[in-house]
Amino acid sequence: MPHTTQLYQHVPETRWPIVYSPRYNITFMGLEKLHPFDAGKWGKVISFLKEAIRRKVELEWGTEDDEYLDKVERNLQKALQEHLPDVVVYNAGTDILEGDRLGGLSISPQGIVKRDELVFRLVRGRQVPILMVTSGGYQKRTARIIADSILNLYSLGLIGSESPSVSAQNSDTPLLPPEVP
């Protein structure tokens with residue numbers, strides 16, 4: 001049975017964005033499918049998502065590696081203690097990279113790689129499957145940083161076909177050379 005929507009009740013079918021079809025039956029947390037052309041609904045969505053957030057962590061403009069990684073570690077540990085999920089979908093955005101004018105933080109390439117390692121160690125250390133998606137990051141060098149992070153996770157055995165459970169302890173293994181090209 002096709003999903004009925006109220007999103008476009010006042011829009012003639014001939015004006016629907018091309019990516020929308022009433023045959024889609026996609027919802028997220030009770031919200032109907034969203035797509036890039038749904039800008040008019042973002043206020044409603046953001047309001048709804050704010051209510052769903054259980055652990056709000058705010059960062060000041062220009063936050064650097066040490067403070068950022070400390071907050072990620074502390075808050076992820078607490079969140080996993082409060083509720084152990086069946087699966088974690090990890091949005092590994094790189095718009096936190098120093099120099100990204102949209103992200104506003106000052107996280108180094110090594111900090112991004114360390115963040116990803118930290119998240120994987122904590123989640124995998126609790127035997128929870130994790131799906132990492134990449135997003136954000138509006139600089140040419142982000143592709144190399146993402147690749148370095150994935151290679152690091154693989155070299156540490158945190159991803160790959162033979163990824164055993166791992167300790168949630170921090171690694172002393174160097175992540176990257178001092179300078180990322």
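**Salt bridges, core and surface of a predicted model**

The side chains of arginine 74 and aspartate 70 meet in a salt bridge, with N to O at 2.9 Å; a salt bridge here is a side-chain nitrogen of Lys or Arg within 4 Å of a carboxyl oxygen of Asp or Glu. This is a predicted model, in which local features need pLDDT of at least 70 and side-chain atom pairs count only at pLDDT 80 or more, while totals for chains, interfaces and linings use all residues. Residues are numbered from 1 along each chain as its sequence is written, and side-chain values use heavy atoms, with hydrogens and water left out.

**Salt bridges**

- Arginine 74 and aspartate 70 both lie in helix H2, 4 residues apart, about one turn of the helix; helices (H or I, at least four residues) and strands (E, at least two) are DSSP runs numbered from the N terminus.
- An α-helix has 3.6 residues a turn, so residues three or four places apart point the same way.
- Arginine 74 counts as partly exposed at 37% relative accessibility, and aspartate 70 is partly exposed at 36%; buried means under 20% relative accessible area, exposed over 50%, and partly exposed in between (1.4 Å probe, protein chains only).
- The whole structure holds 9 salt bridges.
- Arginine 55 and glutamate 82 form a salt bridge through their side chains, at 2.2 Å from N to O.
- Arginine 55 lies in the loop between helix H1 (42-52) and H2, and glutamate 82 in helix H2, so the pair ties together parts that are 27 residues apart in sequence.
- Glutamate 82 is exposed, with a relative accessible area of 55%, whereas arginine 55 is partly exposed at 27%.
- In the salt bridge of arginine 141 with glutamate 98, the closest N and O atoms are 3.9 Å apart.
- This pair links distant parts of the chain, 43 residues apart: arginine 141 is in the loop between E4 and H4, and glutamate 98 in the loop between E3 and H3.
- A network of salt bridges links Lys114, Glu117 and Arg121.

- H3 reaches 23 Å from its first C-alpha to its last, close to the 22 Å expected at 1.5 Å a residue; the expected span is 1.5 Å times one less than the number of residues.

**Aromatic pair**

- There is 1 aromatic pair, counted where ring centres of Phe, Tyr and Trp (its six-membered ring) lie within 6.5 Å; planes under 30 degrees apart are stacked, over 60 edge-to-face and the rest tilted.
- The rings of tyrosine 90 and phenylalanine 120 have centres 6.3 Å apart and planes at 75°, so the pair is edge-to-face.
- Tyrosine 90 in strand E3 (residues 88-93) and phenylalanine 120 in helix H3 (residues 109-124) are 30 residues apart, and both are buried.

**Surface**

- Leucine 131, in strand E4 (residues 130-135), is partly exposed at 46% relative accessible area.
- Glycine 160, in the segment after helix H4 (142-155), counts as partly exposed at 40% relative accessibility.
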